Amino acid sequence: MLHRPALDLRPVLFTLLLLSFAASAAVAQPVTVCMPAFFTDALADLEDQHENLRLVGIDDDLDPNVCDGLIAGYRGVEQYLTADSKLRWIQSNSAGVEGFLEIPDLRDSDIVLTNAKIIQGPEIADHAFALLLNFTRNIKAFNAQMPQGWNTDRALPMIELRGKTALVIGLGGIGTQIAQRAAAFGMTVIGVDPKDIPIHRDVAYVGKPDELDDLLPRADVVFSSVPHTPATEGMIGARQFELMKQDVYFINISRGKIVDTDALVAALESGKVRAAGLDVTDPEPLPTGHPLWTMSNVTITPHLATISDRLEERRTRLLHDNITRFATGRPLRNVVDKQAGY
């Protein structure tokens with residue numbers, strides 16, 4: 001019988017041991033995450049869980065070069081991008097990141113940018129429907145008439161949403177929540193998104209952005225929930241309003257620059273758009289005397305759709321998870337494609 005020599009596994013085991021030590025050393029590397037001081041108390045338990053982690057509140061005495069990670073808005077972020085910076089990660093406080101991406105030293109760097117998408121979906125979707133129902137049930141008109149007492153005058157027709165078609169432009173964390181609510185009202189939901197969206201029980205059809213003009217004529221209500229990127233800026237203009245149904249309702253809770261404001265005014269004045277609910281405008285805020293301020297079929301809220309009693313709870317969970325991932329060398333959640341813009 002032929003006897004084969006036993007394999008010597010010691011070199012392999014030694015290599016695996018070295019790799020294990022290297023991985024442990026990488027995880028144990030000291031990490032400093034800088035953030036607004038009001039976050040540090042809610043996240044303080046992380047320092048007890050990870051010996052290599054230090055959480056630092058941002059104040060006037062902070063040396064920006066100590067930060068490996070940063071939780072912040074985009075204003076003032078340039079001070080963390082010095083030649084001596086060791087910054088590797090920025091967590092945006094909001095879903096929109098266009099302010100960050102206007103900074104070339106950040107956009108073109110290897111710094112990982114993450115955002116707060118998805119966690120802001122429920123309250124913004126609620127707000128979108130509040131703006132819509134404000135008109136379909138004439139709430140704006142009845143509120144204005146309250147000082148006169150009982151008054152049944154209606155500025156707009158009273159309609160029900162069941163059986164109507166909603167077009168949701170942008171089926172991300174906010175758009176999918178809008179779709180869920182629209183379906184619950186008995187609406188048929190269609191959408192537009194550049195990504196391949198999985199089959200969704202609340203959405204009958206999802207087209208690509210080049211199908212937008214084909215889908216607009218089908219919608220009784222158009223919701224804009226897309227991020228602001230070079231590709232989406234001005235995507236709703238005079239042509240798109242012309243393609244919409246007569247008496248369409250238009251709701252924008254994404255970014256003002258998605259819409260050509262002059263074209264929206266013209267569509268409202270002509271009656272093509274029956275009513276518009278806007279949490280965002282371009283410019284923002286609109287100047288005093290702008291026609292949108294005084295139109296009876298327009299409601300403008302001051303870019304606060306994201307506010308709710310549950311938002312900070314969800315934001316804290318996201319920060320807790322991402323800081324843990326950063327401290328332990330694991331992939332982060334909500335990583336932004338800095339070239340695509342979202």
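How do the residues of the lining of the second largest pocket divide into nonpolar, polar and charged?

## About the model

This is a predicted model, where local features need pLDDT of at least 70, side-chain atom pairs count only at pLDDT 80 or more, and totals for chains, interfaces and linings use all residues. Numbering runs from 1 along each chain as its sequence is written, and side-chain values use heavy atoms, with hydrogens and water left out.

## The second largest pocket

The lining here divides into five nonpolar, 10 polar and seven charged residues (Ala, Val, Leu, Ile, Met, Phe, Trp, Tyr, Cys and Pro count as nonpolar, Asp, Glu, Lys and Arg as charged, and the others, Gly among them, as polar). A pocket is an open set of points on a 1 Å grid over the protein atoms alone, where a 1.4 Å probe fits, with protein on both sides within 12 Å along at least five of seven lines; lining residues have an atom within 4 Å of a point.

This pocket holds about 580 Å³ of space, and of its 22 lining residues, Tyr-74, Arg-75, Glu-98, Arg-255 and His-303 are the closest to its centre.

## The largest pocket

About 890 Å³ lies in the largest pocket. Its lining has 44 residues, with Ile-174, Ser-225, Val-226, Pro-227 and Tyr-342 nearest the centre. They split into 21 nonpolar, 16 polar and seven charged.

## Arg-274

Arg-274 counts as buried because its relative accessibility is 18% (buried means under 20% relative accessible area, with a 1.4 Å probe and protein chains only). Its side chain makes polar contacts (N or O atoms within 3.5 Å, one able to donate a hydrogen and the other to accept it; residues adjacent in sequence count only if both atoms are side-chain atoms) with the side chains of Asp-247 at 3.3 Å and Tyr-249 at 3.1 Å.

Methods: Points joined across faces, edges and corners; volume = space filled by probe spheres on them. Buried < 20%, exposed > 50% of the residue type's maximum accessible area, 1.4 Å probe, protein only.
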